Amino acid sequence: VITAAGDRINLVAKRDEIGPLEVAYADFTELVYADGHRKAHLMPIVDHSSKIVLGWALGERAITEVALRAWEYARETLIEYGVDLREFILHHDQDPVFTGYRWTARLLLKDRVRISYALNGARDNPEMEAFNSRFKTENRSLLLDAQNLEELSAVVGERMGYYNEIRRHSTIGYQAPERYIESQWLRPSHHKSGT
């Protein structure tokens, strides 16, 4: 699939302006929970302009099934907002999950999304790195209090809801992401998440 689509390219670096729901970022991040004794992997998909978390998924490992589950929730959100997936760009690194057949076939062939790759590691995906770092720092004690994956999923779900619906972001005029999108012309969507 990658060969058929051409060389891996950073499509985001070539864009001067990015509007709401045109480009999103994805990456796995490790969450420590159960008083620091256990680890899980979270994959959020975050919009560039509005900062809304379009979808997310959580699993014990950073595997394709978790990534595809996060994408499915993000896809549903984008469709609810009336986004043409053929015009949408999803930017991520070159980890095996994101270069593997199942991921690329789903996004490129089935959903017709344009994939963009971080060609220089984390330096090429700073928005995602910043989101993951901020999310873990702001919610550290709540994450540590979760004693199992089900409790961790509930905490993450609640915090993602807070992030999308209430938390104000300086880069979007001190509005919550959902309010920002509403103010830009798009109809509101429900928060999408999954475990």
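How much space lies in the largest pocket?

1. The largest pocket holds about 180 Å³ of space. This value, like the others in this note, is computed from a predicted model.

2. The lining of the largest pocket comprises 15 residues. K51, R134, Y163, H169 and T171 are the lining residues that lie nearest the centre of the pocket.

3. With regard to secondary structure, β3 (38-47) and α5 (126-138) each contribute at least two residues to the lining of the largest pocket. The element that gives the most is α5, with five residues.

4. In terms of residue class, the lining of the largest pocket consists of six nonpolar, four polar and five charged residues.

5. A separate point concerns helix packing. Helix α2 (residues 64-80) packs with helix α4 (residues 101-110) at an angle of about 15 degrees, and their axes are 10 Å apart. Because angles under 35 degrees count as roughly parallel, α2 is described as roughly parallel to α4. The crossing of α2 past α4 is right-handed.

6. On the α2 side, the contact is made by T64, E65, A67, L68, W71, E72 and R75. On the α4 side, R102, W103, R106 and L107 take part. Sorted by class, the residues in this contact of α2 with α4 are five nonpolar, one polar and five charged.

Terms used: Residues are numbered from 1 along each chain as its sequence is written. This is a predicted model: local features need pLDDT of at least 70, side-chain atom pairs count only at pLDDT 80 or more; totals for chains, interfaces and linings use all residues. Side-chain values use heavy atoms; hydrogens and water are left out. On a 1 Å grid over the protein atoms alone, a cavity is a set of points where a 1.4 Å probe fits but cannot get out, and a pocket is an open set with protein on both sides within 12 Å along at least five of seven lines; lining residues have an atom within 4 Å of a point. Grid points are joined across faces, edges and corners, and a volume is the space filled by probe spheres set on the points. Helices (H or I, at least four residues) and strands (E, at least two) are DSSP runs, numbered from the N terminus. Ala, Val, Leu, Ile, Met, Phe, Trp, Tyr, Cys and Pro count as nonpolar, Asp, Glu, Lys and Arg as charged, and the others, Gly among them, as polar. Axes are lines fitted to C-alpha atoms, for helices over the stretch in contact, and angles run from 0 to 180 degrees between N-to-C directions. Angles under 35 degrees count as roughly parallel, over 145 as roughly antiparallel, 65 to 115 as roughly perpendicular and the rest as oblique. A crossing is left-handed if the near helix is turned anticlockwise from the far one by less than a right angle, and right-handed if clockwise. Contact means heavy atoms within 4.5 Å.
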